Structures are given as C-alpha cells and as structure tokens.
Amino acid sequence: MLRLPLRHVLRASGVVRPSPLLSRCVTVAIAPWRCKATMAMPAAQAQLGELVTPGWEKTVGLWLAGTCGMLFSMIAIGGYTRLSGSGLSMTDWRLEGRRLPWTQEAWVKEFEEYKKYPEYQRLHSGKMELDEFKRIYFVEWFHRMWGRTAGLLFAGPLVYFAGRGILRARLGLNLTGLFALGLSQAFVGWWMVRSGFDPPEKHTPTLGPNQRPRVSPYRLASHWTAALTIYAGCVWNTFSLLRPSPGAMHKSAQAVKAATQLRAMALPTTALVTLTLLSGPFVAGNDAGRAYNTWPKMLDDWVPPEWWSFISSPLEKWRALFEETAVVQFNHRMLAYSSVAASLALWLYSTQLPLSAAAAGASSLLPVVLGGQMFLGIATLMLYVPIELGVLHQAGGVTVLTTLLYVLHSLRLPVAVAAVL
C-alpha cells in the first residue's frame with residue numbers, strides 16, 4: 001500500500017491552498033511501478049489536455065460558440081417547420097441542396113408531387129391553393145439550406161485550423177467526429193421525412209386507421225437525439241476553450257472536495273433531465289400535446305386509465321410507451337416534475353457545500369431554467385400548442401441542455417485530483 005499525500009496532488013493540479021482537514025494521506029492501492037506513472041501523470045496529462053496551440057483558445061472558442069448559435073437556431077427552425085405543417089412539402093432530397101422553383105411551371109410540378117402523398121390527400125385535398133403550398137415549401141427549403149450553411153461554416157474553419165496545426169489531436173478528432181455526425185444527420189433527417197410519405201398506420205400501428213399524416217415518432221426521436229448530441233459536443237468544447245481550467249475554478253481543497261460531492265449527485269440528475277428531453281419527440285411525434293389540454297389533471301384523471309392499462313402488461317403493450325397519446329404525455333409530465341425536483345435538490349445540496357463561486361452559481365441556474373421550461377410546457381399544452389409557444393418550448397429544451405452542460409463543466413476536477421480520486 002502506497003500513501004500518497006493529497007496536498008502534493010492538489011498543488012500539482014493548481015490547488016494551492018489545501019485545508020488541514022484534507023491535507024492528509026490518501027491510501028492508493030497500486031504497485032510501485034504504477035506509482036511512478038501516477039506521480040508523473042499531472043505533467044503528461046497537462047500536455048494531452050491542450051486543445052489548441054497556445055494563444056488560439058479564444059479564436060477557436062468563439063468560432064465554436066458561433067457554431068453553437070447556428071445549431072441552436074437550426075433546432076428552433078426545425079420546430080417551426082414541424083409545427084407549421086411544412087416538413088413534408090418537399091418530396092425529394094439532394095445532399096448538395098437545390099434552389100427554389102423559379103417558374104410557375106416548376107411550382108406546379110412540385111405541387112403535383114406533393115399531392116401524391118397522404119398529407120395532402122387526407123388534410124388538404126381540394127382545399128390548399130398553390131400560394132399556400134409555396135409558403136410551406138419555402139419553410140422546409142429554408143430549414144434544409146440553413147442546415148447546409150451551418151455545415152459549411154463548421155467545415156471551412158475546421159479544415160483551416162487543422163491544416164495550420166492549430167488543433168491538437170484530441171480536439172481535432174472530437175470536432176471531426178462531430179462533423180461526421182452532422183453529415184449523417186442530413187441523411188437521418190431525410191429518413192425521418194421519408195416516413196411521412198407513408199401511411200402513418202405503418203409506423204404507429206397501435207393507433208388504428210385514419211391517423212393524421214406525420215413522420216414516425218421513432219425517427220423524429222433519432223433526429224432530435226442526434227441534433228442534441230452534436231450541439232452538446234460543440235458546447236462542451238466551447239466551454240473548455242473559453243472557461244477557466246478546473247484548477248483555476250476550485251482554488252482550495254475544500255472546493256475540490258465539494259465539487260466532487262456535488263458531481264456525484266449531478267450525474268443522476270443529468271440522466272433524469274436527459275431522459276425528459278428525449279421523451280419530448282414522442283410527445284411531438286404523436287401530437288400528444290393537442291390532447292388532454294388541462295392541468296394539473298389530465299381531463300378528470302390524475303393518472304389516465306391508459307397508463308394503468310399499460311402498467312398491467314408492459315411487455316405486451318410496450319408500444320403504448322411510445323405511441324399511446326395519454327401514456328406518452330403522462331410520462332413526459334412525470335419526468336418533467338421529477339427533473340425539476342431533482343434540480344432543486346441539487347441546488348439545496350450545493351448550498352450546504354463550500355463550493356467555488358463558479359460551481360455555486362452554475363448549480364443555482366439549473367432549477368430556474370428547468371422550472372421555466374416546465375411552466376412554458378404547461379402554458380403550451382393549455383393553449384393547444386400555438387406555434388410560437390411550441391417553438392419556444394423546443395428552444396427551451398436546448399437551453400436546459402446548455403445549462404446542464406454548464407453545471408457539469410463547472411464541476412470538473414483538476415486532472416491530477418481526478419486521476420487519484
């Protein structure tokens with residue numbers, strides 16, 4: 001057994017004022033050869049931790065912050081596209097994109113293609129004029145072209161920074177992976193839209209005949225998850241470049257210990273909030289927000305009978321978890337309440353710890369943002385999902401994710417401390 005003084009680890013990681021309470025030996029059960037590697041770790045990991053050539057942190061960080069803004073707006077525009085009924089107006093897809101129809105004949109041709117599919121046949125047959133079709137077509141076209149623009153504005157600087165050797169290997173690989181995921185997102189988006197050209201009964205068979213045409217909620221959830229993953233990766237790297245290091249944030253041993261304790265509670269809270277965010281597309285994909293437009297009860301029930309029916313035989317009725325309107329909405333409500341309660345508990349716990357100012361401030365933001373998102377969701381539901389509130393609620397989900405990442409980033413530990421603990 002090797003006894004490694006914690007004060008040496010803390011000082012090596014930039015924590016210069018260890019308290020007497022924590023400046024005790026930490027027992028580390030490792031072999032002597034492993035000990036040497038551990039003691040040499042801070043310097044080696046400091047080099048590996050460099051993301052860019054020194055002096056380029058702000059430039060690369062601001063570029064990534066701009067990318068985050070583009071992605072945020074892209075997600076909001078996607079919400080408007082869906083809520084305005086525009087997402088199925090373009091019936092083909094090309095990776096390179098296409099210009100808007102320029103002639104009356106070209107517009108008529110696109111309109112005739114649209115008439116071949118269930119959305120027009122079931123909702124707009126004989127009622128939609130060409131001018132209305134032009135409006136929804138433009139919204140979908142703009143959404144697609146905005147995504148391509150975001151991709152180019154990310155790829156161009158990425159190639160430049162990589163070619164100049166400004167990006168270290170770790171960041172270069174991370175950003176290349178995000179670009180690849182973004183490229184695949186274009187295909188996932190079309191795969192999702194393509195499901196809306198099928199009879200909806202094909203994708204949600206438990207809901208019976210004569211369903212409203214829409215994309216598959218499963219494919220919508222895939223598209224949403226990929227979008228959040230790309231956004232989260234960009235936000236995290238932005239924080240890492242523009243915010244202080246963990247050693248600079250947590251300047252005492254007490255602060256390091258407090259961050260360690262709060263982080264243990266923040267991780268399950270993160271899992272719960274993430275699950276809430278991922279349940280959202282099933283509400284949207286099943287138009288579940290346009291039913292049970294009452295609160296706090298769902299019509300006359302605290303728990304809808306459909307949910308009890310699902311619980312009675314969950315293996316047989318597993319599809320109800322993702323397709324049954326009452327079950328989907330009830331689960332989303334319960335997850336939202338649980339997320340707000342967990343974030344409040346996290347904040348209350350943080351007030352009892354000697355956290356650094358950065359960690360304490362971040363922890364206090366989460367319940368405020370989550371509470372605001374919950375009440376925005378309630379208002380959206382009770383007003384029967386007006387487009388403006390629906391878009392705000394979707395953007396609010398991304399804001400919740402941003403806040404969550406900010407909290408986790410504020411609770412990072414100095415590298416040497418994390419390696420030992």
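Residues are numbered from 1 along each chain as its sequence is written, and side-chain values use heavy atoms, with hydrogens and water left out. Because the model is predicted, local features need pLDDT of at least 70 and side-chain atom pairs count only at pLDDT 80 or more, whereas totals for chains, interfaces and linings use all residues.

Helices are DSSP runs (H or I, at least four residues) numbered from the N terminus. The axes of helix α3 (residues 57–83) and helix α8 (residues 217–242), taken as lines fitted to C-alpha atoms over the stretch in contact, with angles from 0 to 180 degrees between N-to-C directions, come within 8 Å and cross at roughly 160°. That angle makes α3 roughly antiparallel to α8, a term applied to angles over 145 degrees.

Asp 287 counts as partly exposed because its relative accessibility is 22%, where buried means under 20% relative accessible area, exposed over 50% and partly exposed in between (1.4 Å probe, protein chains only). Leu 299, at 49%, is likewise partly exposed.

In helix α13 (residues 325–350) lies Ala 341, whose C-alpha atom is separated by 9.5 Å from that of Thr 269, 72 residues apart along the chain.

Methods
Helix = DSSP H or I, 4+ residues; strand = E, 2+ residues; numbered from the N terminus. Parallel < 35°, antiparallel > 145°, perpendicular 65-115°, else oblique.
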